[in-house]
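Here's a quick tour of a protein for anyone meeting it for the first time. Have a look at the picture, then read on.

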Amino acid sequence: MLHEAALTIGDAAAFCAGLVFLVGAWAKLRHRATLSGVVANYRLLPPIAVAPVAAILPWLEGAVGLALLLGERRWVPIVAAVLLLAFAAAIGINIRRGRSHIDCGCGVGGLRQSLHGALVVRNLMMAIALSFNLLAGTLPVMERIAAMATGLTLFLLILLLNALLALPGFRPQPA
């Protein structure tokens, strides 16, 4: 029972993360003229590395997203989790530097979105949930479909959160 629940979480996370990566890749490709500036604005890479990273990132995100949606469970969840952790670290470092005003580069819907802790938490939670894909076993078809529906629901909630966080002056208040 616990093993099946973990597999369900892993499948839902893979479907959600796959959609997040595909949408992010598409947005980065659509706005590739400004992507080098967004990458450079994080001030984490040497200038010589900015253009290659900006050129490769959308294609890497797209490949990882597609592989997650197609059910690849060997190496892709690890690559996806590493990407999410790298994004969380980059965002967190810049928040600590007082540079939360820069654009996150998520690019969902072309919305400009400044850095905030919710993005770090989102990426950390997705990375942790993706780790459940490393467990052996597969779900029966109906449970797999339910996990995909859950992943789609989580993805839609992420889109809603991104839209809210992109609104001028919107900041979630601590509970």
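## How the chain folds back

Take contacts (heavy atoms within 4.5 Å) between residues at least 6 apart in sequence: 76% of those in the protein join residues at least 24 apart. Keep in mind that this is a predicted model, where local features need pLDDT of at least 70, side-chain atom pairs count only at pLDDT 80 or more, and totals for chains, interfaces and linings use all residues. Residues are numbered from 1 along each chain as its sequence is written, and side-chain values use heavy atoms, with hydrogens and water left out.

## The overall build

You'll find six helices and zero strands here, counting DSSP runs of H or I with at least four residues as helices and of E with at least two as strands, numbered from the N terminus. The C-alpha atoms fill a box of roughly 45 × 40 × 25 Å along the principal axes.

What about burial? Buried residues (under 20% relative accessible area, with a 1.4 Å probe and protein chains only) make up 42% of the 175 in the protein.

## A look at helix α4

Among the buried residues of α4 are V76, L83, L84 and I91. The cover over its buried residues includes α1 (2-30), α2 (32-41), α3 (47-69) and α5 (117-130). After α4 comes G98, with a positive phi near 80°.

Conventions. Buried < 20%, exposed > 50% of the residue type's maximum accessible area, 1.4 Å probe, protein only.
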